[in-house]
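Subject: Structure handover

Hello,

Here is the structure I promised to pass on. Please open it alongside this message.

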2 protein chains.
Amino acid sequence: MIRTDAGALRRFVTDCYLALGLPPETAALVADTLVQADLWGHPSHGVLRTFWYAARLRSGAADPLAAPVPDLPGAALTGMDGGGGMGQLAALCAMDHAIAVAQDHGIGAVAVRNSGHFGTAMYFTRRAALAGCIGFLSTNASPAMAPWGGTENRVGTNPWSWAAPAGPHPPMMLDIANTAVARGKLYAARERGEAIPEGWAIDASGRATTDPAAGIAGSILPMAGHKGYAIATLMDVVSGILPGSAFGARVTGPYVPEGLSGVGHLAIAIDIARLRPLAAFEADMARLIADLRATPRAPGVDRIHYPGEIEAETEARLLAEGIPLPRATADALRRDAAALGLAAPF
Amino acid sequence: MIRTDAGALRRFVTDCYLALGLPPETAALVADTLVQADLWGHPSHGVLRTFWYAARLRSGAADPLAAPVPDLPGAALTGMDGGGGMGQLAALCAMDHAIAVAQDHGIGAVAVRNSGHFGTAMYFTRRAALAGCIGFLSTNASPAMAPWGGTENRVGTNPWSWAAPAGPHPPMMLDIANTAVARGKLYAARERGEAIPEGWAIDASGRATTDPAAGIAGSILPMAGHKGYAIATLMDVVSGILPGSAFGARVTGPYVPEGLSGVGHLAIAIDIARLRPLAAFEADMARLIADLRATPRAPGVDRIHYPGEIEAETEARLLAEGIPLPRATADALRRDAAALGLAAPF
């Protein structure tokens, strides 16, 4: 494990994307989303992914020069063509347009078609919260789970996020995928020779299993059983079918270098001040958070956190301490950057 | 178990509410929501609850004559005062106003304060789907789970629903509470002398338990662990704090006869035709459903259902066969109706 400064890492990843042909603002945006995920303590969505996106830019699967614009600028609801480019750019354009429109109409929504994987949903909903809005963002994704009762992956993780300003505190944020667990946890359990809990996976024949190898050969289960299947399916409807994008098994993920993504999103912003003074809303948020924190605690629990609080605290710590990078991640970044003629800052 | 005709049951429950002072349209609405829950195979939200609401009307905790109107009629986003009345009426007014406004602006949203328990969320979002819209509805509710790591109930089940038209099929609908399991399942396990699965409940000290009695004395866990806590908390924010209603432990539930409810809701409708032809959306929905159904199945699974399909099939069956009522429910309804001078049709 090495540690690297967030600012230096952001500049390095930006330089990589500039070398790959992304315009300066898009390069800086994608780099910032990746470093931010690392800062929040979610390395699975961090700079580890830098060259996964790079492969899709190189193959032509993602258009570096896409410039998403709303179909109906200024309307409370509009579609937007992501142009087959980086999903981060489409999600940013959609969320920012929704926020601007909410300031006119009270609510704004943008349904995005022909986009790509955008990384971490709460990167974008946080922008709504910082602008005094409630933010919602959903996306569909490539197949990662079987329909409830099925044995073949036909439904994506289809993450979704809500965020809200929280007065004196960093925004309250929710950002979840609808699978019970990340696939990486099965690989880790297999490495350690441990069983996995029931409810994580089924084997290739569709039977419940606690054997990580059988689960890897089979399928990850949805979170909360059939509820997670239902949520993931509805998120596909509002993110994929509503804007007229790809859906179900037709969506291509960021883990393969080729194939148009077809991912779609739905972004909504609600202007809080249209309903009540923002200060009154924020005072209630502070009261809710105080109530949650003051709850009697279970044995071994030091503190009760509100949603998004652990991420905000991790960010503050890693800005001071530096971002930890596993040696394998650091080596791969060094090697891939060297092929672009760039030197890593770590 | 007895069986009773849905139409006769609806008239009977309507008559009960008329005798309790609800205006005819509200009486018919509340009766229809309860009978519809029974028809969907959700008796926990069915006519079993008729006289729970009655107790709150009698005590004055719920105002039978409340008449919710939007603060800003015609605006894409508006608040609405539920008037401390029946939540079913407020939810209906909010959803129908959101649908009407979506036909003007593409999207419509209503944030409801000072409402009450509305029963089954998808009763209302289905109206959006039947009107060619995507519907969303959330509510907060009285405390039912501890914050993650806590031992005292301070967060409600806070249900939420999405619905969408599904072309040749009944609407696709999602309607979930954020608890791992209904409290009634712990009572049932205790009756049978069986252990409950891990992940359902904690004991009074906050420790995980598989003993249903310890779980009853303790607290139900959220669905999907910390994710369910985060979802429930954000649903409190958008349903309770956003409209300026009660939130957290300040919300009064429908299970007690006294105390202003303070429940709030958020209703959103999105007009699909603003984004793409409704027929194209519905053709994609039919394709998605066909893909889900055609997935290879696990052993013992006869069919794969889309979200909301089981409810639609149950409704068709019970309309033909009659609604089953447990003897205890039937006896209680007969007794309480007799006190109003009314005879049950079963």
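Below is what turned up, part by part. Please keep in mind that this is a predicted model.

**Two domains in chain A**

Start with chain A. Its domain 1 covers 1-59 + 308-346, and its domain 2 covers 65-140 + 231-294. The centres of the two domains, taken over C-alpha atoms, are 23 Å apart.

How many residues of domain 1 of chain A are in contact with domain 2 of chain A? The number is 23, and they meet 24 residues of domain 2. About 1900 Å² is buried between the two domains, and carbon and sulfur atoms give 63% of that area. On the domain 1 side, A:W40, A:Y53 and A:R56 lose the most area to domain 2. Together they make up 32% of what that side buries.

Polar links are there too. Ten residue pairs are in polar contact between domain 1 and domain 2 of chain A. One salt bridge crosses this interface. A:E309 forms a salt bridge with A:R293, with the closest N and O atoms 2.7 Å apart. Both residues also belong to a network of salt bridges that links A:R293, A:R303, A:E309 and A:E313.

Which elements build the domain 1 side? Helices α2 (24-39), α3 (50-59) and α10 (309-321) of chain A each supply at least two residues. The largest share, seven residues, comes from α2(A). By class, that side has ten nonpolar, seven polar and six charged residues.

**A closer look at α3(A)**

This helix has a buried side to inspect. Its buried residues are A:T50, A:F51, A:Y53, A:A54, A:R56 and A:L57. They pack against α1 (6-19), α2, α4 (87-105) and α11 (327-338) of chain A. After α3(A) comes A:G60, whose phi is positive, near 90 degrees.

**Where the chains meet**

Now bring in chain B. In the contact between the chains, 77 residues of chain B meet 77 residues of chain A. The two chains bury about 6100 Å² between them, with 77% of it on carbon and sulfur atoms.

There are 16 residue pairs in polar contact across this interface. On the chain B side, α8(B) gives the most, with eleven residues. By class, the side of chain B that touches chain A has 49 nonpolar, 15 polar and 13 charged residues.

Two salt bridges cross between the chains. The side chains of A:D291 and B:R250 meet in a salt bridge at 2.8 Å, N to O.

Is A:D284 buried or exposed? A:D284 is buried, because its relative accessible area of 9% is under 20%. Leaving out residues up to four places away in sequence, A:D284 touches A:R276, B:I241 and B:F247.

**Inside chain B**

B:T120 lies in the loop between β3 and α5 (121-130) of chain B. B:T120 is buried as well, with a relative accessible area of 6%. Its contacts, apart from neighbours within four places in sequence, are B:A37, B:W40, B:H45 and B:D175.

Salt bridges come next. The structure holds 30 of them over all chains.

- B:D71 pairs with B:R113, and the closest N and O atoms are 2.9 Å apart. This pair links distant parts of the chain, 42 residues apart. B:D71 is in the loop between α3 (50-59) and β2 of chain B, and B:R113 is in strand β3 of chain B. B:D71 is partly exposed, with a relative accessible area of 41%. B:R113 is also partly exposed, at 23%.
- B:D96 pairs with B:R127, with the closest N and O atoms 2.8 Å apart. B:D96 lies in helix α4 (residues 87-105) of chain B and B:R127 in helix α5 of chain B, so the pair ties together parts that are 31 residues apart in sequence. B:D96 counts as partly exposed at 28% relative accessibility, and B:R127 counts as partly exposed at 33%.
- B:R192 pairs with B:E194, and the closest N and O atoms are 3.1 Å apart. B:R192 counts as exposed, at 53% relative accessibility. B:E194 is partly exposed, with a relative accessible area of 39%.

Over to you.

Best wishes

Notes
Residues numbered from 1 in each chain as written. Chains lettered and ligands numbered in written order. Predicted model: local features only at pLDDT ≥ 70, side-chain atom pairs only at ≥ 80, totals over all residues. Heavy atoms only, no water. Domains from an automatic or database assignment. Contact = heavy atoms within 4.5 Å. Buried area = accessible area lost by both parts, 1.4 Å probe. Salt bridge = Lys/Arg side-chain N within 4 Å of Asp/Glu carboxyl O. Polar contact = N/O pair within 3.5 Å; in protein donor to acceptor, adjacent residues only side chain to side chain. Helix = DSSP H or I, 4+ residues; strand = E, 2+ residues; numbered from the N terminus. Nonpolar A, V, L, I, M, F, W, Y, C, P; charged D, E, K, R; others polar. Buried < 20%, exposed > 50% of the residue type's maximum accessible area, 1.4 Å probe, protein only.
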